Amino acid sequence: MSAAKNRHNTEDYLQMYRQMVRIRAFEDNANQLYLSARMPGLTHMYSGQEAVAVGICEALTDEDRITSTHRGHGHCVAKGADLKTMFCELLGKAEGYCRGKGGSMHIADQSHGNLGANAIVGGSMGIATGAALSAKRLGREFVTVCFFGDGATAQGLWYEVMNMAALWRLPVIYACENNGYSEYTRTEEIAAGSLIARAQAFGIEAFQVDGQDVLAVNELTQQLVGRCRKGEGPFFIELDTYRYHGHHVGDINRDYYRSRDEEAEWKKLRDPITNFGKWLIDQKIMSADELVAIDGEISADAQAAVQYALDAPYPDVNEVDMHVFSGVDHALEYTGGAHR
């Protein structure tokens, strides 16, 4: 575990630990909701990658923006989302962030700068770059982080926006979460050459960091965010990490593309929460009992949030065609550019 320079605030460390545990607790409960057939649709677990979302988002402010992916719960939690509101969204309830209409893969939380998850692979790359362009044109200091997986590096949009961002020196950080697999295929089988070299080809400074080390991720992100605010962006980070679950919650029998031994080794030796907890104990910042108490408190909060969401009401049926067009209450009353 790397020790971040000039970062010795106990509250900062505990915040990062709590946020990683909150993500893990959210995902554990979301998985159970799916397995018990109480959650509609599919979802994609973020468990194992918590240090990436937390390390990056703890270096951002509420004004800073992020764009997310189909595996987006971790980013949403790390950027400050409320668990009750998130579970309501997953269950299609009216109190969800998108009134239950976005579900797992389309959560957005504008109040904390989360411009939204995206079910299209690499689909948010243009949104993130557009947000960074608006910051520059409006003279604002906010930075945008674009999260995406290694599989999205095969999308042509990424190369178009990197070219634009490099030419215009936009305040955007492209954060590639390389979890080793593009759905069911190993990354090295779908991505030729070095990922960081692809960004460097556009003159973009590129970095590689251990995505299981929250302090290393946070230290690097703080530096790059500071440089972005000075007009020195864009930047690219490849974060080496690992997803504990399959590609989605229904991907249970994974032996045909990766071994159980591989999964067990990552969980035993590279778990970001366990290793950070050990570091906190070694540095005498927290005791083992105090960390257990934090884990229990967050677990109880997550379970209470699930129950709250299960009991919450669904949107009224008359909302089915609402929130489609800006300035139009009901989309079915609007056709061909004019009201009926």
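## Second largest pocket

In this predicted model, the second largest pocket holds about 160 Å³ of space. A pocket here is an open set of points on a 1 Å grid over the protein atoms alone, where a 1.4 Å probe fits, with protein on both sides within 12 Å along at least five of seven lines; lining residues have an atom within 4 Å of a point. Volume is the space filled by probe spheres set on the points, which are joined across faces, edges and corners.

Among the lining residues are Lys-136, Arg-140, Glu-141, Phe-142, Arg-169 and Cys-228. Helix H5 (125-138) and helix H8 (214-229) each give at least two residues to this lining. Helices (H or I, at least four residues) and strands (E, at least two) are DSSP runs, numbered from the N terminus. By class, five lining residues are nonpolar, two polar and five charged. In this scheme Ala, Val, Leu, Ile, Met, Phe, Trp, Tyr, Cys and Pro are nonpolar, Asp, Glu, Lys and Arg are charged, and the others, Gly among them, are polar.

## Largest pocket

The largest pocket has a volume of about 310 Å³. Its lining comprises 24 residues, with His-70, Gly-149, Asp-150, Gly-151 and Ala-152 nearest the centre. Strand S2 (144-149) and strand S4 (181-182) are the elements that give two or more residues to this lining, and the largest share, three residues, comes from S2. The class count is six nonpolar, 13 polar and five charged.

## Nonpolar cores

The largest nonpolar core has 64 residues, of which Ile-56, Ile-173 and Phe-276 touch the most other members. Helix H1 (residues 10-35) gives the most to this core, eleven residues. A core is a set of buried Ala, Val, Leu, Ile, Met, Phe, Trp, Tyr and Cys residues joined through side-chain atoms within 4.5 Å. Another core, of 22 residues, lies apart from it and includes Ala-128, Ala-132, Phe-148 and Leu-170.

Leaving aside residues up to four places away in sequence, Ile-56 touches Val-145, Phe-147, Ala-175, Val-217, Thr-221 and Leu-239. Contact means heavy atoms within 4.5 Å.

## Gln-49

Gln-49 lies in the loop between H1 and helix H2 (50-57). Gln-49 counts as buried because its relative accessibility is 2%, where buried means under 20% relative accessible area (1.4 Å probe, protein chains only). Its side chain makes a polar contact with that of Glu-177 at 3.2 Å. Such a contact is a pair of N or O atoms within 3.5 Å; within protein, one must be able to donate a hydrogen and the other to accept it, and residues adjacent in sequence count only if both atoms are side-chain atoms.

## Basis

Residues are numbered from 1 along each chain as its sequence is written. Local features of the predicted model need pLDDT of at least 70 and side-chain atom pairs count only at pLDDT 80 or more, while totals for chains, interfaces and linings use all residues; side-chain values use heavy atoms, leaving out hydrogens and water.

Notes
Buried < 20%, exposed > 50% of the residue type's maximum accessible area, 1.4 Å probe, protein only.
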